[in-house]
Amino acid sequence: MSARKIITFENLIFNLKKYWQKKGCLIFEPYNSEVGAGTFNPATFLRILGKEPWNVAYVETCRRPRDGRYAENPNRVQQYYQFQVIMKPTPDNIQRIYLESLESLGFKLKEHEVRFVEDDWESPTLGAWGIGWEVWLDGLEITQFTYFQQAGSIDLEVIPVEITYGLERICMNIQSVSSIFDLKWNEEITWGDIYRENEQQFSQYNFEESDPERLLLLFKEFEIEAQNLFKKGLILPGYDYAIKCSHIFNLIEARGVISVSERAKMIARVRALTSEVARLYLKK
Amino acid sequence: MIDFLLEIGFEDFPPSYLNKAASDLTERVEVLFKKERIFYRTMRKIYTSRRIGVLILGVARKQKAQNVEVQGPPKKFTYDENGKPTAMLEGFLNAHNLKLSDIKIVRTQKGEYVSAIKAIPAKDTDDILYYEIPKIIASLEFPKTMVWNQEKIRFPRPIRWIVGLLDRKPLRFKYAGLEAERYSMPNFHFSFEPIRMEKPREYINFLRHGGVVVDPNERRKIIKNRINERAKLLKGEPAYDENILEEINCAIEYPDVASGEFEPEFLKLPEEILKTTLKALGNLVWVKGTNKFICIFNGRRKAEDNVAQGYARVLKARLQDAFFYYQNDLKQGIAKMQEATKEMVWLEDLGTIYDKSIRLIKALKNFEGLTDLNMDVLKRAAELCKADLFSNMVREKEFTSLQGIMGYYYARSAGEDEKVAIAIKEHYLPAFSGDKLPRSKEGAVLSIVDKIDNFLGAFIAGQRPTGSYDPFGVRRNAYAIFNIFDAHNFDIELLPIVVNYLKLYKNDLDKNLIIEFLTERIERYLEDLGYRYDEVDAVLYNTNFNVYDARLRCDGLRGFRDKQEFLQLVIGQKRVHNILKNIKDPGQVDTTLFEKPAEKNLYQRGKEVEEKMAPLFPEKKYLEIMKLLLSLRKDIDKFFDEVLVMCEDKNLQKNRLALVNYVHQLFLKFADLSRIVIEGEKDKNNEKQKT
């Protein structure tokens with residue numbers, strides 16, 4: 001191992017923010033409702049629609065109820081952080097800009113292998129898909145790199161690039177630790193100090209204590225609320241409820257109580273909402 | 001002589017498209033050079049994960065010159081009464097840049113015309129390439145493409161540079177917002193600085209310095225050597241084949257090698273888990289039987305330690321996951337997994353996975369008559385075969401491909417019979433087209449029944465395949481059914497099994513839909529074996545989708561196909577077919593109504609053949625049956641020569657039709673020969689042959 005200086009989790013975030021700020025990105029903040037990925041943040045989902053240039057970077061808290069492991073698995077948790085970058089239009093030298101961001105974190109390309117592994121990203125609930133890769137650093141997946149082609153079931157007029165860093169993964173490599181819970185957040189406090197209890201409680205909730213019937217009810221109520229708001233032209237509050245539907249769906253799925261075809265139907269219902277948002281947003 | 005380099009540089013390409021893209025490009029450039037008569041000495045195909053191209057040495061600067069004959073106006077319109085060239089002739093001369101002295105008169109079928117030999121000026125190679133190369137790039141086709149800038153050009157990944165260098169001159173054609181230049185790009189692990197080339201011959205070496213081995217064959221060789229050398233050092237044998245080698249080759253630009261280890265305790269995992277885990281990590285090659293792996297990576301030697309440690313760490317985490325799932329599954333036991341099948345809906349309105357296994361068990365009855373088939377083993381296997389879908393292992397995305405295989409291990413660990421476990425493992429085979437088939441009889445039967453359940457289920461759920469739409473892989477399933485029946489020589493009709501199976505679904509799906517679908521599939525299967533479509537058509541007449549029997553009948557036909565006698569027989573049967581086509585009920589033959597010897601003779605000979613054939617059918621001696629039928633040819637011909645079937649006397653006519661029908665039915669027991677297509681005649685002609 002090279003004698004890389006240990007970068008704390010918080011400093012990793014500072015470094016990335018500084019790097020992308022220099023590249024012309026607006027430094028934004030996370031969304032304030034449960035989302036499965038930074039893509040749901042209106043700073044991505046809505047801003048990638050239409051022709052206006054948009055460059056932004058932000059941290060997003062991601063909830064993946066199904067991935068919880070009661071804090072017993074060193075690599076799997078039901079909540080973690082992404083660092084999300086959107087550049088629209090995509091700069092021609094974006095691959096280099098991204099690779100140099102890794103160098104700025106201390107990964108000299110001469111001393112590592114960075115591999116772009118074919119992986120076309122798709123979010124059925126957002127009606128969005130793109131062409132791209134998982135980026136592997138010495139075998140570890142650290143980034144999803146995507147050229148969006150469609151969002152809200154609409155062909156994009158200007159192609160944005162979405163770069164999503166898995167912050168914990170990268171930091172584990174930097175700090176040479178094999179458990180996410182051992183990551184140093186700062187010099188004194190670890191990731192586990194902050195989130196171990198959280199992982200335990202949420203895993204118990206996600207897998208055991210959530211009430212699937214009530215969740216289904218909530219799903220329906222949120223869906224109606226979104227539809228009503230759309231009718232009144234209130235796209236943004238409506239989008240809030242579409243996002244809530246998406247999260248509720250993830251919770252229901254974690255319980256493993258829906259069949260394949262029911263699952264497909266619920267996804268289609270969320271997609272109908274997000275597609276409506278996209279359509280109305282562009283009409284404005 | 002000069003050289004030419006074309007290189008299209010892009011961000012990392014889907015490995016599975018790469019070789020074809022480079023081959024298509026090279027081929028089309030070659031066609032262009034031939035069509036445009038541009039001489040060259042050698043042409044080399046280039047590809048790495050970030051570029052495709054072609055390097056052509058010894059290129060002519062110009063096309064080969066060419067003379068063509070051009071035809072002008074008819075002779076009578078060439079000069080006016082004063083002997084001056086007409087406007088028509090002048091126009092011709094001007095159009096082709098000719099002088100009066102160039103022309104001569106030629107005789108053609110339409111009369112005498114003006115003609116001239118015209119020298120077409122040789123165009124410069126760079127002009128041709130400037131216009132034609134962009135068209136070639138645009139002509140490349142891919143399974144999936146994208147757009148990345150406002151040019152809206154489609155390609156699998158963004159094109160980021162183009163080298164088009166003819167001798168020392170960049171071609172400067174424009175494509176996708178780029179201009180063909182003299183700059184290539186190195187491997188990004190080495191540098192971001194463009195590589196400038198004065199001339200194409202510098203390409204291979206300059207790029208090598210930039211961390212790119214552009215020649216795929218050379219790179220493949222290096223990869224192979226590096227793996228083998230490292231394996232030797234590790235005192236083991238690497239587990240790879242040519243496919244894995246090419247997959248690695250398509251994902252990199254410059255091969256270097258690292259190696260690492262995993263905890264020996266993971267060797268306790270079933271080998272399939274180990275291999276699947278390693279394979280998911282891309283360029284890892286297992287050193288057989290050891291806890292070591294070799295990693296081919298795309299970077300600099302300096303990276304070796306980081307790469308080795310990085311991959312080892314990821315591998316460890318993945319193996320830990322797998323180990324955890326596997327241990328949990330063993331603890332849980334297959335019985336509990338089977339319980340879970342009662343709760344999971346398979347397809348909406350088609351019950352749970354458990355219901356599915358109950359259907360499978362019931363359908364096994366159809367196979368009871370087969371020799372050497374252990375029904376107890378089979379029933380048990382059918383009961384358990386879907387249980388592993390509820391194991392931790394198979395529920396993981398990375399390991400879904402291990403369905404069946406995990407069932408094998410979990411059944412064994414629960415103390416089930418080895419044969420039961422094998423049938424479970426084999427019942428998903430073939431998992432893809434070209435995959436191996438179940439070897440055990442029980443595995444074969446279970447696989448067939450499962451696939452019948454799958455395709456009927458899809459039909460009932462409204463997921464019939466149309467065009468390229470076949471989300472349930474219904475076509476592949478049906479094809480596999482025939483493949484397994486045939487490979488195991490199961491002498492069983494499929495149709496009754498399928499019809500019975502519908503009852504298990506309590507569904508009244510239109511039988512004709514299924515027959516139509518199965519017909520298409522069995523035809524495809526037999527044609528893939530090399531039988532001609534008309535042969536297949538002829539034997540399928542009454543086999544009820546007994547594919548094993550159909551194949552033997554095809555063989556029977558084959559043996560006689562080229563004989564002159566056979567052709568006459570076929571012509572005869574086509575006649576008979578046409579005579580009988582509009583007769584609803586030909587009735588029974590009344591021997592007392594025979595008038596001519598040929599009638600009596602044909603009937604007697606028919607009876608003889610019928611008697612001799614009867615014992616041959618159960619033994620499937622179709623060559624001999626065919627021989628017997630062939631022996632009737634003379635008698636049939638004689639009958640038609642001497643007897644008028646459609647005679648005035650209605651009673652006689654009816655009896656003669658009955659006789660014709662009797663003979664026809666004899667043939668149909670074997671095959672409908674009227675469906676055989678005779679050379680020079682399309683099968684439609686069936687209709688036209690009127691008697």
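This is a predicted model: local features need pLDDT of at least 70, side-chain atom pairs count only at pLDDT 80 or more; totals for chains, interfaces and linings use all residues.
Residues are numbered from 1 along each chain as its sequence is written, with chains lettered from A and ligands numbered from 1 in the order in which they are written.

Helix pair
- Helix α21 (residues 564-580) and helix α24 (residues 633-642), both of chain B, pack at about 45°, with axes 10 Å apart; axes are lines fitted to C-alpha atoms over the stretch in contact, and angles run from 0 to 180 degrees between N-to-C directions.
- Helices here are DSSP runs (H or I, at least four residues) and strands likewise (E, at least two), numbered from the N terminus.
- α21(B) contributes Glu565(B), Gln568(B), Leu569(B) and Gly572(B) to the contact, and α24(B) contributes Arg633(B), Ile636(B) and Asp637(B); contact means C-beta atoms, placed from the backbone, within 7 Å.
- Two of these residues are nonpolar, two polar and three charged (nonpolar: Ala, Val, Leu, Ile, Met, Phe, Trp, Tyr, Cys and Pro; charged: Asp, Glu, Lys and Arg; polar: the others, Gly among them).

Contact between chains
- Chain B gives 31 residues and chain A gives 30.
- On the side of chain B that touches chain A, β16 (292-298) and α8 (304-332) each supply at least two residues, and α8(B) has the largest share, eight.

Note on methods:
Two residues are in contact if their C-beta atoms, placed from the backbone, lie within 7 Å.
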